[in-house]
Amino acid sequence: MDLAFTPEEQKFAAEVRAFVKANLPADVRDKVKHGKHLGRDDYMRWQQALGKKGWLVYTWPVKHGGPGFTPAQRYLFENICAEEYAPGIIPFGSKMVGPVIYTFGTEEQKQTYLPAIRASTVWWCQGYSEPGSGSDLASLRTKAEKEGDHYIVNGSKTWNTMGHWADWIFCLVRTDSKGKPQEGISFLLIDMKTPGITVKPIIMADGGHEVNEVFFDNVKVPIANLVGKENEGWTCAKFLLANERLGIAAVPQSKRGVEALKDIARAEQDNGKPLIENQAFAEKIADLEIQVTALEFTELRVLSTMAHGGQPGPEVSGLKIRGSEIQQRITELTMEAVGEYAAPYLPGLLWQGTNEAPVGPEYAHLAAPRYFNTRKTTIYGGSNEIQKGIISKMVLGL
Amino acid sequence: MDLSLSDEQKQLQEGVERFVREKYTFENRKKIAASERGWLPENWAQFAELGWLAIPFSEEDGGIGFGPIGTMIVMEQFGKGLVLEPFLPTVVLGGGMIAAAGTAAQKEALLAPMIEGKKQFALAWLERQSRYNLADVSLKATKEGNGWSLSGQKGVVYNAASADDIIVLARTAGSAREEKGLTLFVVDGKAKGITRRDYPTQDAQRASEITFDKVSVGADAVLGTVDGGFPVVEDAVDRAIVALCAEATGCMDAINAATLDYIKTRKQFGVAIGKFQVLQHRMVDCFTNAQEARSMTLMASLKIEDKDAIVRHKAASGAKVQIGKSGKFCGQSAVQMHGGMGVTDELSVSHYFKRLTMIDLMFGNQQHHLTRYSNLAIAA
């Protein structure tokens, strides 16, 4: 048992850091550092740089064109990227649909889709939730009916993240209404330019446009775009969710968030002294930092198990729950640190990056929108209540 | 970086686990708790024979060099069985301080027989007014010829009645609560001038109030340097905290397993109560809490011998905060989900709950360590 990194791991860490410093565009780094909104192009420039290096799909095995990182390398890569203020990798292609395609797809599908995912030349989005199907995902009703060598898709998807920037969407659709709801679902890849698709923005509580409703009106999709077998899409759906669990804890981002919170608490005044010297507030940050450490070591334990060829144990299931709660707590304490200067709402500065002067320090106007927006983390990816249901059933046997 | 156990470490874990399974059934433990010493000499002899008393110490000190990870492995299994043998005061605290600060002669006279199972120790630091301040010591040691004379009182001294030697934190200089001017003395437990009031604790351990009335010791009784005892005791207590965290992790595993088993079998309203979502989610929270406790214990065990004192103190305090929080959550939840049975003496649940509760109080509770961590890491 050893917490220290081996010389090879240290060499790798130095290589990653040098790469990020040399290839992360300065303006993107600046936006991430100051919590500003990122556009499609910001993400794409960074992801394509990673793609050229072969690191965008850093979780993939070598045989599918990934770098085959060890768990320790994965940990180092994620942490160094966060420390250097790289934007988070958009997961829909590299972490979601890519692994589904290389696990369940045909050779032709692999040839067609994987190179563009590895290079980040195509932007993917996700079509899972529906207006009537949230936590009860299997109740989904968007229908795909066979007609010759096509499916005709009708219905709508919601909470579709960044679909207004997407080239392709992967969807769960109903291909059979008989039997158990899980048994009639299929996994379809759909080109967003196909006639009959409408994307309608949903404006969130922070005023931002991040998610959409997507409507399908007699959309013609080639049968060749079906991944896995017809009516067996639920297997793909579950695989995707399980694959997603590890990274969703967002430990490196939370470590960065706690440091940013400390900086703000040093800058803010409280009775003539830095807020961080207020014992009660300092203890709230201390408590948060301890929570992050516990989460980090839980993740490290999982990675060590995996490095020895083991499967992640029950501890992995709690990562999403605690990780999401911690992300929320960071935004809550940041807003608390800012006090009344969290009130000014400056949509131009916030969303369009205009030259409007901030009211108070620049971090102040971001605090409340972040807080409002981050309430989503305990809801998405399967709400925390759903996660507890899964652990209760799968791990505890209740 | 690799956080999995080596083959040797796994063997140790299996050995201690087997001991607990065979010797520490709930009924056996009751008998051990009620025995004269509150622990069994035959168990202690077995620990010595298996080399468990040598685990944390370096090979040059006669140990087997497993370090804090070794202590963690042993204490976690001990926690599962609520083991009563005084491993913490003797090996972790007493042995730890002698290994850290003792002279070659002291190591030979004290540590070597301890490793052989022939000596036990107790640490007397707390006084009525000390609360969690290790430096709030007023028991005085004054020069007497070549040696020293100790007078004053110590409280809640675990294992004092069984200890061959009591390691006493005394004031040799400085004012109240000053860290400088504290000295550690190794005092024969049967020395003239010592009177004890012995009692059991809430969690079936043994402790004592001790009065020292002009207890004479030689110059060679000083452990470490005169006036320089504080850092020695501070580090020893930090190591003890991490060991307690490991024990608490074992307690949480056991109490969670008992509760899970209970809610699967106990029926109300015609179904097992574990079918109710409100209990399912609470049970999940118990398991998540235990996982976090295990992670923080591991973190602290890996960092408790760091060269940087701030790193060591932060590690111990961070882990103790987590253990306080998780232990209380698992303990209270277990009792609640067991219903009335949870508050009876009859089931093991209340016994784990009591131990977890006392662990939180030992060497500083959750709030104390949150403040300490905050002062070290945030406000600094």
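Author: In α7(A), the buried residues are G233(A), W234(A), C236(A), A237(A) and L240(A); buried means that 20 or more other C-beta atoms, placed from the backbone, lie within 10 Å of the residue's own, while 12 or fewer makes it exposed and anything in between partly exposed. They sit on the same side of α7(A), because they cover an arc of only 155° around the axis, the arc being that of the directions from the helix axis to the C-beta atoms. An α-helix has 3.6 residues a turn, so residues three or four places apart point the same way. Those buried residues of α7(A) pack against α5 (91-104), β4 (168-174), β5 (185-191) and β8 (226-227) of chain A. Helices here are DSSP runs (H or I, at least four residues), as are strands (E, at least two), numbered from the N terminus.

The length of α7(A) checks out too: its 12 residues, 233-244, should span 16 Å at 1.5 Å a residue, and the end C-alpha atoms are 17 Å apart, which agrees. The expected span is 1.5 Å times one less than the number of residues.

A word on the ground rules. This is a predicted model, where local features need pLDDT of at least 70 and side-chain atom pairs count only at pLDDT 80 or more, while totals for chains, interfaces and linings use all residues. Residues are numbered from 1 along each chain as its sequence is written, and chains are lettered from A and ligands numbered from 1 in the order in which they are written.

Staying in chain A, L300(A) is in helix α9 (residues 279-307). L300(A) is buried, with 22 other C-beta atoms within 10 Å. Leaving out residues up to four places away in sequence, L300(A) touches Y75(A) and, from the other chain, L3(B); contact means C-beta atoms, placed from the backbone, within 7 Å. The C-alpha atoms of L300(A) and L3(A) are 9.7 Å apart, though 297 residues separate them along the chain.

That brings us to the two chains together: 34 residues of chain B are in contact with 37 residues of chain A. On the chain B side, α7 (230-265), α8 (277-303), α9 (309-338) and α11 (366-377) each give two or more residues. α8(B) gives the most, with 13 residues. By class, that side has 18 nonpolar, 13 polar and 3 charged residues, where Ala, Val, Leu, Ile, Met, Phe, Trp, Tyr, Cys and Pro count as nonpolar, Asp, Glu, Lys and Arg as charged, and the others, Gly among them, as polar.

The largest nonpolar core has 226 residues, and L150(B) and F185(B) touch the most other members. Such a core is a set of buried Ala, Val, Leu, Ile, Met, Phe, Trp, Tyr and Cys residues joined through C-beta atoms within 7 Å. The largest share of this core, 19 residues, comes from α7(B). Among the residues that F185(B) touches, not counting those up to four places away in sequence, are W148(B), L150(B), V168(B) and V217(B).

Two loop residues of chain B are also worth a look. L82(B), in the loop between α4 (67-81) and α5, has a positive phi of about 50° although it is not a glycine. L82(B) counts as buried, with 24 C-beta neighbours inside 10 Å. F363(B), likewise not a glycine, has a positive phi of about 55°. F363(B) lies in the loop between α10 (348-361) and α11 of chain B, and counts as buried with 20 C-beta neighbours inside 10 Å.
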